[in-house]
Amino acid sequence: MIEIKKKIGIPKYKQIISAIENAIENGLLKKGDQLPSINTIKNNNKLSRDTVLMAFNELKNRGIIESIVGKGYYVLSEDINVHQKIFLLFDELNSFKEDLYNSFLENLEDTIQVDIFFHHFNESIFQKLIKDNAGSYNYYVIMPANLENTNKSIQLLPNDKVYILDQVPEDLIEYPSIYQNFEKAIYENLHKALPLISKYNKINLIFSEQKQPKGILKGFIQFCEKNFISFEVLSTVKEEPLIKGELYILLDDISLLRIIKKMKSQNMTLVNDIGVISYNDTLLKEIVEGGITTITTDFNEMGKRLAKMILNKEQDKIENLNKLIIRNSI
C-alpha cells in the first residue's frame with residue numbers, strides 16, 4: 001500500500017501521506033481500519049522513524065487518522081480534503097459570538113475544518129478540553145474569558161499555533177491575539193454619552209464576577225469617580241426594584257430582558273423613568289423598546305481578522321475597537 005520512490009522530487013513523508021490518502025479514496029482503507037505500524041513502513045521502505053512519524057502527525061492533525069495508545073494508528077475520517085483543523089474554544093455561545101464564529105468560517109478556506117468547544121467559565125472543563133485535544137490540531141483559538149491560571153493549560157500547546165481571543169490575561173500577552181480593551185472601551189464610550197448620562201441620579205452596573213471582564217468594572221468605576229457620579233455595582237437585577245431616575249448598564253441579554261420585564265411591571269418607561277445602556281449590539285436591541293443604546297465591538301470584523309491572521313500565519317496583537325450606538329433608551 002505504501003511504496004516510496006526515490007529521486008522524484010517529492011519528500012518521502014509526503015509520499016506516505018499521498019499513499020494513505022489514495023488508499024482511503026480507493027476504498028482500500030476505511031474508517032476504523034488499522035494502518036501499518038511505523039516500524040513496518042520504516043523497514044519496508046528503508047526510512048527513518050522520524051520520516052514516518054512526520055507523515056502520521058500531519059494526518060493526525062488533519063483529523064484523518066488517530067493514535068490509540070498501545071495499539072497503533074487507525075483511520076478516523078475518510079474526508080481527505082481536510083488539510084488543516086482548528087480547535088476553537090469559546091466561553092459560551094450567544095448571538096454576537098455566533099456572528100463571530102460564522103464570520104470566521106466564511107473567511108477560511110474550504111479545506112480547513114473548525115471544531116468548536118465551550119468551557120462555560122469552568123476552569124476544570126477548560127483544562128480538560130485543552131489537555132484532551134493537545135496535538136490533534138494545526139491551530140488553537142482560545143477564549144479564556146476571566147478564568148485564572150489558563151497559561152498552565154495553554155503551555156501544553158505549541159506557542160506558534162495558539163491565538164487568544166477577546167480577553168487577554170497578563171500571563172497570555174506573549175501570544176498573538178485579537179482582543180477588546182474593555183477598560184478603555186467603557187470609560188471612553190460612557191464619556192461620549194456624558195451629556196445624556198448626567199441627567200440620571202445614579203448609575204448601576206450589573207456585573208457578574210464569574211463571567212464579566214474585570215476591565216469593564218475598572219473602567220466603569222474610573223468614569224464615575226472622575227465625573228463625580230453616584231454609582232453602585234450590583235450582581236443581579238432579580239431582587240431589587242427599579243429606582244426612578246437611575247441608569248442601568250447591562251452586560252448580558254438576560255439582564256436586559258429582566259430589566260424590561262421589571263420596568264413594565266412597575267409601569268415605568270425608558271428615558272422618562274429609567275435609562276438603559278447594554279453591552280454588545282444585536283438586531284433585537286435595534287428594535288426592542290424603540291432601540292437600546294449599546295457599547296459594542298464588531299464581531300464580524302473580529303472573525304474576519306482572526307481568519308486572516310491564521311491563513312497568513314501572523315503573530316500580531318490586534319485591538320478590536322468598540323463604539324457607542326445611541327438609541328432611545330437614555
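How do the residues of the lining of the second largest pocket divide by class? They divide into seven nonpolar, seven polar and seven charged. Please keep in mind that this is a predicted model.

**The second largest pocket**
- This pocket has a volume of about 450 Å³.
- It is lined by 21 residues, with Gln167, Val168, Pro169, Lys214 and Gly215 the closest to its centre.
- Helices α7 (182-192) and α9 (214-226) each supply at least two lining residues, and α9 gives the most, with three.

**The largest pocket**
- The largest pocket holds about 600 Å³ of space.
- Its lining has 30 residues, and Glu92, Lys211, Gln212, Leu251 and Asp252 lie nearest the centre.
- The elements giving two or more residues to this lining are α4 and α10 (253-265), and α10 gives the most, with four.
- By class, the lining has 12 nonpolar, 10 polar and eight charged residues.

**Helices α4 and α12**
- The axes of α4 (residues 95-106) and α12 (residues 299-311) come within 7 Å and cross at roughly 35 degrees, in a right-handed crossing.
- Residues in this contact include Phe96, Leu100 and Phe104 of α4 and Met302, Leu306 and Ile310 of α12.
- Eight nonpolar, three polar and two charged residues make up the contact.

**Helices α2 and α3**
- The axes of α2 (residues 38-45) and α3 (residues 49-61) come within 9 Å and cross at roughly 125 degrees, so the two helices are oblique to each other.
- Here Ile38, Asn39, Ile41 and Lys42 of α2 meet Arg49, Val52, Leu53 and Phe56 of α3.
- That contact has five nonpolar, one polar and two charged residues.

Terms used
Residues numbered from 1 in each chain as written. Predicted model: local features only at pLDDT ≥ 70, side-chain atom pairs only at ≥ 80, totals over all residues. Heavy atoms only, no water. Axes fitted to C-alpha atoms, helices over the stretch in contact; angles between N-to-C directions. Left-handed = near helix turned anticlockwise from the far one by under 90°. Contact = heavy atoms within 4.5 Å. Nonpolar A, V, L, I, M, F, W, Y, C, P; charged D, E, K, R; others polar. Parallel < 35°, antiparallel > 145°, perpendicular 65-115°, else oblique. 1 Å grid on protein atoms, 1.4 Å probe; cavity = no way out; pocket = protein on both sides within 12 Å on 5 of 7 lines; lining within 4 Å. Points joined across faces, edges and corners; volume = space filled by probe spheres on them.
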